[in-house]
Amino acid sequence: MPRPSDVQEHPRLRFLGPLLEDPNLFHLNRYSVSMAFLMGVFLAFVPVPGQMALVALVALWVRCNLPIALALVWITNPITIAPIFFFTYQLGLWLLNEPSVHMPDAITWGLINAELSKIWKPLVVGSLCAGSFFSLLSYFIIRYVWRLYVIYQWRHRQEKRAKRAAKNMH
């Protein structure tokens, strides 16, 4: 993870000034990590340009871990974007009970622009639903696993103390 000072002193980010001083933006705690998953995974599914800038602004607003949120937006990367958005488009068609748009063998920019008016609604609906589902799922999984880990650590410390106390009594 980048050092907070590197981010705070970056020439393009200086205008954010005091906003970058919140420790939750770089610390690993249950709130900052789970919220980073909630925001990062959700925005990864939103079909808009500038996802990284958007998630950075949201991370600053909700005070979650900035590097994790930025990394999670890359769920939709040049390799995964086509299958993910095809899935969300199909989900949107199913949710809206609409027929699929027939796509010819050769896809051109002209065809995409002409068909965009037909595919945008199912794509957006499916993307928002899938993003909501997977972001909430990841949020609650992170919270639950974090809690299990804290309980494990607490019990482990108790066992160590009990062993030390028993050893000191002998």
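Which residues in H2 meet Ile-68, Ala-69, Leu-72 and Val-73 in H4? They are Val-33, Ala-36, Phe-37, Gly-40, Val-41 and Ala-44.

## The model

This is a predicted model, where local features need pLDDT of at least 70, side-chain atom pairs count only at pLDDT 80 or more, and totals for chains, interfaces and linings use all residues. Residues are numbered from 1 along each chain as its sequence is written, and side-chain values use heavy atoms, with hydrogens and water left out.

## The whole chain

You'll find 6 helices and 0 strands here (DSSP runs numbered from the N terminus: helices are H or I with at least four residues, strands E with at least two). Of the chain's 170 residues, 32% are buried, meaning under 20% relative accessible area with a 1.4 Å probe, protein chains only.

## Helix H4

## H2 beside H4

The axes of H2 and H4 come within 8 Å and cross at roughly 25° (axes are lines fitted to C-alpha atoms, over the stretch in contact for helices, and angles run from 0 to 180 degrees between N-to-C directions). The two helices are therefore roughly parallel to each other, a label for angles under 35 degrees.

Methods
Buried means under 20% relative accessible area, exposed over 50%, partly exposed in between (1.4 Å probe, protein chains only). Angles under 35 degrees count as roughly parallel, over 145 as roughly antiparallel, 65 to 115 as roughly perpendicular and the rest as oblique. Contact means heavy atoms within 4.5 Å.
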